[in-house]
Structures are given as C-alpha cells and as structure tokens.
Amino acid sequence: MNFYQLRCAYRVITQFNQNKIMPNKNDRLPDNVPGPYYVDASCIDCDQCRATAPDFFRRNDEIGFSIVHRQPVTPADIKQAEEARLGCPTESIGRDGGHGVR
Ligand code: SF4
C-alpha cells in the first residue's frame, strides 16, 4: 500500500464515520489536468469512471488511481463526465476545481 492509498483509506474511514464523504479539491491528485473536474486521493481504483467516460478519465499506473486526463467541454462531454462522477462509489470525483466551474 502506497502513501496515497494509506491516506485514502484513512480519509474514507474517517469521513464514512462522520457520514460526509465528498470530493475534496484540497486532495486533488496532482496529475489531473487543470480544470473543474478532478479525482481526489480517496479514489479506490475501481475502474467505474474509466469504463463510463474513458475520454476524460484514465488510470495513472504510477499511483494506482484514476485521474482526469481531459476536461469535458461540450454538453455531450459533460453528460458523460457527470455520469462517471455520480457513479463514483467513493465520491472521489469533483467538479469544483476552478477554471470554468459549472
Ligand atoms: S469511479 Fe471513483 S473510485 Fe472508481 S476509479 Fe473512478 S475516481 Fe476512483
């Protein structure tokens, strides 16, 4: 288990106990491209977002998490990214990362 995974486990357990799991832009993974959508350090690498919206999410093999590799722009893009965001089981995908927040 690497540092990010340890930190993620701690955060998920803590927030689950407090019943307030939500994406945290302060934990935004550094490899996300700039923009409103991001994956934070609570990702559990389940593959849901990558399967749902591969144009925007991909795996970073070095850290073992998903990242946003392209920001959605068109309404069709955003619909797909939103489907991935809402389907994330750990609520690790945020859209409040700045630069055109919707
Ligand atoms: S759906 Fe959420 S937990 Fe699963 S890989 Fe994507 S960001 Fe990580």
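The buried residues of helix H3 are Ala81, Ala84 and Arg85. Because these residues cover an arc of only 100° around the axis, they lie on the same side of H3. The model described here is predicted.

**Helix H3**
- Helix H3 comprises 13 residues, numbered 75–87.
- From its first C-alpha to its last, H3 reaches 18 Å, close to the 18 Å expected at 1.5 Å a residue.
- An α-helix has 3.6 residues a turn, so residues three or four places apart point the same way.
- On the other side of H3, the exposed residues are Pro75, Ala76, Lys79 and Leu86.
- The cover over the buried residues of H3 includes helix H2 (48–52), strand E2 and strand E4 (93–94).

**The hairpin of E2 and E3**
- Strands E2 (residues 57–60) and E3 run antiparallel and are joined by 4 bridges.
- Phe57 stands opposite Val68 in E3.
- The two strands, E2 and E3, form a hairpin with 4 residues between them, and Gly64 in the turn has a positive phi of about 75°.
- In strand E3 (residues 65–68), Phe65 and Ile67 point one way, while Ser66 and Val68 point the other way; all of these residues are buried.

**The ligand shell**
- There are 14 residues around the ligand, of which Cys43, Cys46, Gln48, Cys49 and Cys88 come nearest.

Definitions and conventions
Residues are numbered from 1 along each chain as its sequence is written. This is a predicted model: local features need pLDDT of at least 70, side-chain atom pairs count only at pLDDT 80 or more; totals for chains, interfaces and linings use all residues. A residue is near a molecule or strand if its C-beta atom, placed from the backbone, lies within 6 Å of it. A residue is buried if 20 or more other C-beta atoms lie within 10 Å of its own, exposed if 12 or fewer, and partly exposed in between; C-beta atoms are placed from the backbone. Two strands pair if DSSP finds at least two bridges between them. The expected span of a helix is 1.5 Å times one less than its number of residues. The arc is that of the directions from the helix axis to the C-beta atoms. Two residues are in contact if their C-beta atoms, placed from the backbone, lie within 7 Å.
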